[in-house]
Amino acid sequence: MTQVGQMSYCIILYISCTYRTVPQFLNGGKLSGRFPTSIGFWRPTTDFNLSQSLVQVEFYVNENTFKERLKLFFIKNQRSSLRIRLFNFALKILTCVLYIVRVSLDNPTEYNTDTGSSIFFSSLLQVTVALIGFLETMLITYLSYKGNIWEQIFQISFILEMINTVPFIITIFWARIRDIFVPVFLNCWLAKAALENMINDFHRAIQRTHSAMFNQVVILICTLLCLVFTGACGIQHLERAGKHLSLFDSFYFCIVTFSTVGYGDVTPQIWPSQLLVVILICVALVVLPLQFEELAYLWMESQKLGGNYSRHRAQTEKHVVLCVSSLKIDLLMDFLNEFYAHPRLQDYYVVILCPTEIDIQVRRILQIPLWSQRVIYLQGSALKDQDLMRAKMDDAEACFILSSRNEADRTAADHQTILRAWAAKDFAPNCPLYVQILKPENKFHVKFADHVVCEEEFKYAMLALNCVCPATSTLVTLLVHTSRGQEGQTSPEQWQRTYGRCSGNEVYHIRLGDSKFFGEYDGKSFTYASFHAHKKYGVCLIGVKREDNKSILLNPGPRHIMAATDTCYYINITKEENSAFIFKQEENHAKGLTVSGLYDAPSRLPVHSIIASMGTVAIDLQHPDPPGESGKLTLPTENGAGSRRPSIAPVLEIADSSAILPCDLLSDQSEDETNQSDEEGSVGSEFVKGYPPNSPYIGSSPTLCHLLPQKAPPCCLCLNKGCKHNSFEDAKSYGFKNKLIIVSAEMAGNGLYNFIVPLRAYYRPRKELNPIVLLLDNEPDNHFLEAICCFPMVYFMVGTIDNLDNLLQCGIIYADNLVVVDKESTMSAEEDYMADAKTIVNVQTMFRLFPSLSIITELTHPSNMRFMQFRAKDCYSLALSKLEKIERDKGSNLAFMFRLPFAAGRVFSISMLDTLLYQSFVKDYMIAIIRLLLGLDTTPGSGYLCVMKITEEDLWIRTYGRLFQKFCSSSAEIPIGIYRTESHMFSTSESQVSINAEHGEEHRDRGESWKEKTAHRNSTTSDQSEHPLLRKKSMQWARRLSRKSTKPPSRAERISQQRLNLYRRSERQELSELVKNRMKHLGLPVVGYDEMNDHQNTLSYVLINPPPDTMLELHDIVYIIRSDPLAHMPEDSQMGHSRNTKNQHDFGTETKNETHL
């Protein structure tokens, strides 16, 4: 048989034995057939019987020997060896106790029969114990023998065992040496060794390990006890020939000696005992320092690793686990301040699991008593079950997994986060997961988590809404931070007090049937409940959720009828459970006095409520004007002339079905109702409504958008490069009707898709769509171009913001907003806070070159916001810096809120939205509500965020409460806040440097015309806003009066002032000439740049849910939640037509102004 044939036969034999079946080529248990060889075929000539060829093999026969069985029982098996060692430990302790008993009964000076019998029985017991110990020692030595007998004999434990057992065994056969002294007390050292082995076996048996610190402490204590016990027994025995010390006296002497006290009242008298003391002290000086050194080393290591979170604490106390790759002080403080801001979380513990060694600053923070009792730092990895067990992940209430956004490779950071989430879910399936992910394309990997926040999704959506809804980033940041509205209340500035008080508003929820705010509106429409709850209690009802529906609906409109089982979502200073209600006119209810409507009678409202808890105040309109002729609020017509009509209609309890007009999904209602030119109509007809055909990543929410009828070719998307379809090479050539939105980013990531979608959403009027130019450092890939080619007026250009030519080519002088996105390559720096250096300097340069441009910047670190629009010599900015320090010292979570760029929505940091993930632990609806506000999710029937601008024709409404009623009664819209801009003269601002009103008629007229537009903010009465001409004349008079001086300035002062004015004018002129020269070099007209004015002497801020009596001011921008037009849009037909027309002409933002290219 050849080798191939033998191999084939073995293979067939293996198959037949494995599957217990006979193959087709086996007949009757005999082999037949053909097997290929290297030459031809082999035919079997001999029949093989398979039953005769099978051989039974037995394994592990070496363990069947007697020695191996004994070895398995005494050494290898954890549980049996643990019992043996426990028995051995008990024997050694028993011998020490018997020695103490014998010494106590033995008196060398006198002897009696009773004492002798007791000593005899103790000696007999000692002999028995010694015999058992000797046999056990010999057996263990035999089982442990490995070929070297002398290694076994010269072990210290073996020698001590022979000293303490052999003499007792000899006394059995030789009675004359029964009185010989045997140092049985040395068995304490054998007991110590048995205890160490027993602890090791115990750990192996229960498959768990205590900390090395615990083992070392046990060893150190045992060493001290053995030294003291050996010294006491040895000195007592040796002193029998001298002073006859008792066992207690010798024990006292050892304690005094080893503690280095040395009273000297008890001392050894003979030289053998003195020599023993010397030996013991030398041994202690050698052994104890080594033990203490090992203990100190383990303690230091345990401080680095953080120890364990005990199982008992995990079962009796509540804790959450925070998993991070690297822990920075800012991240830690943001988490702790936000997490412990909620009253019901004060008893929770935070266990931090981080693979890196604890930072020095973090260590100092955790040593503060406020945090040291509630925060536990563990160094370990979330990918190791041992570390997850140390953190007691399976008993945790929640696990927060945060990404490291400062990594150079954000994709790699996401991959680490995904693995941590998978490991936590595998180890503790029932533990709720709160995961932060950086890139949207990685989000679907962690969809199993209970709550997920994708950083780039929220970042780009907020940046996009900032362009059409000013300061959306500030609005959202204030909503997701926990505050009581106490910030800025000690400031002398009125705007800071109002802004700080309104910043305490947050989103809360309550079941309607359990609510005093909304319980009385059961069976009423949502719009009716929202208006009357705001009018009566000062709370703003923004959304609702049905009991049988998991989706939250923002402003579902008047068709939604409130039910007792509905969950209401509202904005207020504090939740209803923390509010106190004081009813002042309950007697009116007792008398049966009721008020059926808002304007039915001139009497007061039936219930006046004051919410007085944690700074919450509800202001009732206690004296509404009766609907008489003299008290009617009128609204002028569009042309400002003609008849007048009643101003505000009452909000209906149940919506009138006949007044609810369905909205056509494919039509633009605003354009159909607006008379527009043929040119505008032709432009609008180029767009269609539909869902984007290509999504750049998995998991993006489908949104109905304005789309092109056909996809634009990729070559047409490049703004500065002509192609065969068009020859345009700059923004001017395109002839855009609306101002541009320019986005500066490092690369075309998938997150930019979330910037485009909110700006092309179906509910935005076609004529208000702004062209979007993506200024990218790197060329975009084809996948990204394929995703954006379906959107109208979206272009890209390769360039950087630090290149003036690139900025001019992409049309910065025709832009209304420039969005600067934080670049990934600059997020990591040698010094953490220097990561924003390049972005800040570039933005500051554009701030000087293009003063009227609205620049929206994203920074890595929130603390760097103080450098935006930096004014080195501005006293007001220095005052704001001091205010920020004061608020930080008070423990505010929003100390940076008074910085002017943040308050105006010009800058934000995505790290400020980390609190959204933290808040979702208490408010599990926050992420869903913020996604709906930002347009990241679209739920059928849910509204969207938009704005309306207050014009002079709207000042007749007077107060925010009346505006609330106007919205609810006419268009079923819910206002949630105001974006207010006030003029503010900075002491030595750089905006004053740019334009000097005292020199040049052109500059003076331009400055006066701008002051005429913006001087309305400082007024506290309606006269100043109603008479802008009077305001203008008074300012001119004040300026002329300020120029006059009772004492003429000296010659030196005039020369100094002239030099300063010349320097200021020359600096501005140099910047202007630089820009104009580059524009001429590129072939661009300079007309657009000449029209740019300096509008920097203003400050803006957000008022969330202001009180109903807040006075409206000119150019206020009101945040409103408009109901879904695809579901229903209830409004009076006559009022609705006028309302839509006003929204398009009067309430639009400045982005609708033509640039006259």
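Student: Which helix does V127 lie in?
Tutor: V127 is part of helix α5, which covers residues 113-143. Keep in mind that this is a predicted model.

Student: Is V127 buried or exposed?
Tutor: V127 counts as buried because its relative accessibility is 15%, and the cut-off for buried is under 20%.

Student: Which residues does UniProt list under "transmembrane region"?
Tutor: The entry, which is unreviewed, gives 86-105, 125-145, 157-177, 213-235, 247-264 and 270-290.

Student: What does the chain look like over 125-145?
Tutor: That stretch is 90% helix and 0% strand, and its end C-alpha atoms lie 30 Å apart. Residues 270-290 come out at 95% helix and 0% strand, with 31 Å between the end C-alpha atoms.

Student: Switching to backbone angles: what's up with phi at T260?
Tutor: T260 has a positive phi, near 60°, and it is a residue other than glycine. You'll find T260 in the loop between α10 (247-258) and α11 (271-305).

Student: Buried or exposed, that T260?
Tutor: T260 is exposed, since its relative accessible area is 69% and anything over 50% is called exposed.

Student: How many of the lining residues are nonpolar, polar and charged?
Tutor: The lining of the second largest pocket has 14 nonpolar, 17 polar and 13 charged residues.

Student: And which domains does the lining draw on?
Tutor: Domain 2 (306-449) and domain 3 (701-931) each contribute at least three residues to the lining of the second largest pocket.

Student: What about the largest nonpolar core, which residues touch the most other members?
Tutor: F400, F518 and F755, out of 201 residues in the largest nonpolar core. Helix α18 (residues 455-468) gives the most to this core, with nine residues. The core also takes at least three residues from each of domain 2 (306-449) and domain 3 (701-931).

Student: Where does L402 lie?
Tutor: L402 is in the loop between β8 (398-401) and α17. At 2% relative accessibility, L402 counts as buried. L402 and L327 are 75 residues apart in sequence, and their C-alpha atoms are 9.9 Å apart in space.

Student: You mentioned α17. Which helix is L419 in?
Tutor: L419 lies in helix α17, residues 410-427. L419 is partly exposed because its relative accessible area is 41%, which falls between the cut-offs of 20% and 50%. From L419 to L383 is 36 residues in sequence and 7.3 Å in space, C-alpha to C-alpha.

Student: Last one: where's the place of K443?
Tutor: K443 is in the loop between β9 (433-437) and β10 (451-454).

Student: A lysine in a loop, then. Is K443 buried or exposed?
Tutor: K443 counts as buried, at 12% relative accessibility.

Student: And how far apart are K443 and Y697?
Tutor: They are 254 residues apart in sequence, and 9.1 Å apart in space when taken C-alpha to C-alpha.

Methods: Residues numbered from 1 in each chain as written. Predicted model: local features only at pLDDT ≥ 70, side-chain atom pairs only at ≥ 80, totals over all residues. Heavy atoms only, no water. UniProt positions renumbered as here; feature names shortened; annotations may be inferred. Helix = DSSP H or I, 4+ residues; strand = E, 2+ residues; numbered from the N terminus. Nonpolar A, V, L, I, M, F, W, Y, C, P; charged D, E, K, R; others polar. Domains from an automatic or database assignment. Core = buried A, V, L, I, M, F, W, Y, C linked by side-chain atoms within 4.5 Å. Buried < 20%, exposed > 50% of the residue type's maximum accessible area, 1.4 Å probe, protein only.
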